[in-house]
Amino acid sequence: LNPKFTTPINNKAFLLSTCPEASIRDGNMAAELSERALTLDPKSAYAMNARACAYAAAGDFKKAIEWQRRAMEDKDFMNDDGVYGGKSASERIAKWEAEELWLLPSKP
């Protein structure tokens, strides 16, 4: 309801970048959404994380790592052990360094 509330924007961008179902992944839409979130809140580590994942989904792993490291500078983000949080950031970077996508865990 609040167009300036970035959490749903970040979450959708993250999902569109990291969904294990390839038909749902859309790096271009994820990039647009993450850019919008960063415009609304340029200091948001979650928006930076969404941007990183969008870059990875588009195959630009170098920029993905750069944006992920920016997000990792935020202590609150790094203490977040949820799937969107920083506890998985190093794992994402390791995948991107190998030029592989980091995908959300799929349920059986």
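Predicted model: local features only at pLDDT ≥ 70, side-chain atom pairs only at ≥ 80, totals over all residues.
Biologist: How far does helix 3 reach from its first C-alpha to its last?
Modeller: Helix 3 has 13 residues. At 1.5 Å a residue, the expected reach is 18 Å. The model comes close to that, with a reach of 18 Å.

Biologist: Is helix 2 roughly parallel or roughly antiparallel to helix 3?
Modeller: Helix 2 covers residues 27-40 and helix 3 covers residues 45-57. Their axes are 8 Å apart and the packing angle is about 160°. Angles over 145 degrees count as roughly antiparallel, so helix 2 and helix 3 are roughly antiparallel.

Biologist: Is the crossing of helix 2 and helix 3 left-handed or right-handed?
Modeller: The two helices pack at about 160°. The handedness of the crossing of helix 2 and helix 3 is left-handed.

Biologist: Which residues of helix 2 and helix 3 make the contact?
Modeller: From helix 2 come Gly27, Ala30, Ala31, Ser34, Glu35, Ala37 and Leu38. By class, the contact of helix 2 with helix 3 has 9 nonpolar, 2 polar and 2 charged residues. The helix 3 side supplies Ala47, Met48, Ala50, Arg51, Ala54 and Ala57.

Biologist: Turning to helix 1, is it roughly parallel or roughly antiparallel to helix 3?
Modeller: The axes of helix 1 and helix 3 cross at roughly 25° and come within 8 Å. Angles under 35 degrees count as roughly parallel, so helix 1 and helix 3 are roughly parallel.

Biologist: How many nonpolar, polar and charged residues are in the contact of helix 1 with helix 3?
Modeller: Helix 1 brings Asn10, Ala13, Phe14, Ser17 and Thr18. These meet Tyr46, Ala47, Asn49, Ala50, Cys53, Ala54 and Ala57 in helix 3. The contact of helix 1 with helix 3 divides into 8 nonpolar, 4 polar and no charged.

Biologist: What is the handedness of the crossing of helix 1 and helix 3?
Modeller: Helix 1 and helix 3 cross at roughly 25°. Their crossing is left-handed.

Biologist: Which helices are among what covers the buried residues of helix 1?
Modeller: Helix 1 has 13 residues and reaches 18 Å from its first C-alpha to its last, close to the 18 Å expected. Its buried residues are Thr6, Ile9, Asn10, Ala13, Phe14, Leu16, Ser17 and Thr18. Their cover includes helix 2, helix 3 and helix 6.

Biologist: Now the loops. Is Ser23 buried or exposed?
Modeller: Ser23 is found in the loop between helix 1 and helix 2. Its relative accessibility is 64%. The cut-off for the open class is over 50%, so Ser23 counts as exposed.

Biologist: How many Å separate the C-alpha atoms of Pro42 and Trp102?
Modeller: Pro42 sits in the loop between helix 2 and helix 3. Pro42 counts as exposed, at 56% relative accessibility. Along the chain, Pro42 and Trp102 are 60 residues apart. Their C-alpha atoms are separated by 24 Å.

Biologist: What is the phi of Glu99?
Modeller: Glu99 is found in the segment after helix 6 (89-97). Glu99 is exposed, with a relative accessible area of 60%. Most residues other than glycine have a negative phi. Glu99 has a positive phi, near 55°.

Biologist: How many Å apart are Pro105 and Val83, C-alpha to C-alpha?
Modeller: Pro105 lies in the segment after helix 6. Its relative accessible area is 64%, so Pro105 is exposed. In sequence, Pro105 and Val83 are 22 residues apart. In space, their C-alpha separation is 9.1 Å.

Biologist: What separates the C-alpha atoms of Ser106 and Glu21?
Modeller: Ser106 also has its place in the segment after helix 6. Ser106 counts as exposed, at 55% relative accessibility. Along the chain, Ser106 and Glu21 are 85 residues apart. The C-alpha separation is 8.5 Å.

Conventions. Residues numbered from 1 in each chain as written. Heavy atoms only, no water. Helix = DSSP H or I, 4+ residues; strand = E, 2+ residues; numbered from the N terminus. Buried < 20%, exposed > 50% of the residue type's maximum accessible area, 1.4 Å probe, protein only. Axes fitted to C-alpha atoms, helices over the stretch in contact; angles between N-to-C directions. Parallel < 35°, antiparallel > 145°, perpendicular 65-115°, else oblique. Left-handed = near helix turned anticlockwise from the far one by under 90°. Contact = heavy atoms within 4.5 Å. Nonpolar A, V, L, I, M, F, W, Y, C, P; charged D, E, K, R; others polar. Expected span 1.5 Å × (residues − 1).
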